[in-house]
Amino acid sequence: MSVRERLYRTLRDRFGLEEFRPGQLEAVEAALSGKRLLLIQPTGWGKSLVYQMVAAERGLTLVFSPLKALMRDQVREAEKYGLKARVLNSDMEPEEQEAILKEASEGGVDLLYIAPERRHNGLWREWYGLLPIRALVVDEAHCISQWGHDFRPDYRRIIEFVRLLPPQTPVIAVTATATRRVQEDIEAQLGGSLHVIRGSLTRPNLSLHVVRVGDEAEKFAEVYRWVSFLEGTGIVYTATKASAEAIAAFLQENGVDARYYHADLPLEERKAIEEALLNNEVKAVVSTNALGMGINKLDLRFIVHAEVPGSLLAYYQEIGRAGRDGLPAYAVLIYDPEDRSIQEHFIKNSKPPEEAYQRVHQIPSCATS
């Protein structure tokens with residue numbers, strides 16, 4: 001049986017699909033041949049299927065992922081297809097983490113999801129050399145880039161893991177948002193010579209709307225009007241935790257079944273809200289960007305931005321979570337010019353270090369005393 005015949009059999013028998021989407025088979029074959037791969041494809045294209053296929057074929061695949069909610073969602077999805085998936089994060093007791101690492105070292109795990117910050121964990125450093133890693137995945141790879149919308153220093157240090165791998169080990173970076181500049185930065189961070197598969201990011205089923213408001217009261221009223229008018233379940237994005245709580249309370253007071261969500265909520269409460277959203281048990285979840293990245297929900301019918309997102313890349317990433325089933329969906333931006341100051345503050349306080357800027361732009365560093 002040829003490799004391609006085996007892949008089609010795996011696709012059918014394990015994943016219940018008859019055909020690959022355009023570009024998926026090319027991506028899987030490139031990864032299995034040991035190439036370093038960058039996939040830039042729209043939300044809903046099936047990027048996770050590519051590395052799930054690689055894990056099914058090769059074994060332990062290490063997946064760097066930026067958010068705990070995203071990891072939990074991806075583990076649930078992988079287990080539906082009979083893959084042994086595990087996640088390591090700071091919410092777990094050391095004994096539980098060690099049990100998972102032992103299981104992985106003995107070949108009992110197909111997909112292991114971790115945050116890039118785990119490189120600092122002593123238990124991880126102790127076990128890392130014992131793991132039979134057969135492939136490495138960087139999910140939401142735009143986070144690698146200085147110029148991506150969610151700059152995280154430890155994402156840029158994933159190259160340290162890559163350098164420790166045998167050269168024939170597949171490295172797969174996936175993202176739904178990457179400008180040419182971000183693409184070049186990802187290639188540089190992963191060692192260059194990436195096989196890039198870039199698809200069309202057009203989403204014709206999304207209907208985009210912008211509503212300008214003049215003050216907070218008008219903003220709250222518009223959020224209520226759109227959420228109560230639109231059918232189905234959706235997400236209302238805010239720039240701050242305080243805004244998420246206030247808007248959710250306003251919606252509840254006006255008869256809308258809404259919950260707020262942000263990183264400061266207890267783990268069990270966050271899990272319960274995620275489940276309620278996935279099962280359409282609430283009308284809307286009002287959240288910071290802590291919720292949604294990579295969430296595996298096909299039938300979100302609307303995304304409302306109550307405040308200006310951090311960048312165009314962030315905006316595209318977030319509205320792309322609506323209508324992944326191909327049916328009509330709405331993206332609504334409630335625009336108050338005063339909200340720009342919030343994002344300007346975040347930008348000023350999270351910009352890359354000066355030495356990184358100089359390195360990318362080849363500006364000679366000037367020593368100061």
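## Salt bridges, burial and surface charge

Asp-325 is partly exposed, at 31% relative accessibility; on this scale buried means under 20% relative accessible area, exposed over 50%, and partly exposed in between (1.4 Å probe, protein chains only). The model is predicted, with local features requiring pLDDT of at least 70 and side-chain atom pairs pLDDT 80 or more, whereas totals for chains, interfaces and linings use all residues. Residues are numbered from 1 along each chain as its sequence is written, and side-chain values use heavy atoms, leaving out hydrogens and water.

The structure contains 19 salt bridges, each defined as a side-chain nitrogen of Lys or Arg within 4 Å of a carboxyl oxygen of Asp or Glu. One of them joins Asp-325 to Arg-301, with the closest N and O atoms 3.0 Å apart. This pair links distant parts of the chain, 24 residues apart: Asp-325 lies in the loop between helix 13 (312-319) and strand 13 (329-335), and Arg-301 in the loop between strand 11 (284-287) and strand 12. Helices (H or I, at least four residues) and strands (E, at least two) are DSSP runs, numbered from the N terminus.

Two further bridges lie within helices. Glu-222 and Arg-225 meet at 3.0 Å, N to O; they are three residues apart in helix 10 (residues 216-229), so about one helical turn separates them. Lys-271 and Glu-268 approach to 3.9 Å between the closest N and O atoms, and both belong to helix 12 (residues 267-278), again three residues apart.

| Residue | Relative accessible area | Class |
|---|---|---|
| Glu-222 | 15% | buried |
| Arg-225 | 44% | partly exposed |
| Lys-271 | 30% | partly exposed |
| Glu-268 | 54% | exposed |
| Arg-301 | 15% | buried |

Ile-303, in strand 12 (residues 302-305), is buried at 0% relative accessibility. Its contacts (heavy atoms within 4.5 Å) beyond four places in sequence include Ile-235, Tyr-237, Tyr-330 and Ala-322. The C-alpha atoms of Ile-303 and Ala-322, 19 residues apart along the chain, are separated by 6.3 Å.

In helix 2 (residues 24-32), the buried residues include Leu-25, Ala-27 and Val-28. Their cover includes helix 1 (3-13), strand 1 (36-40) and helix 3 (47-58). Just after helix 2, Gly-34 adopts a positive phi of about 95°.
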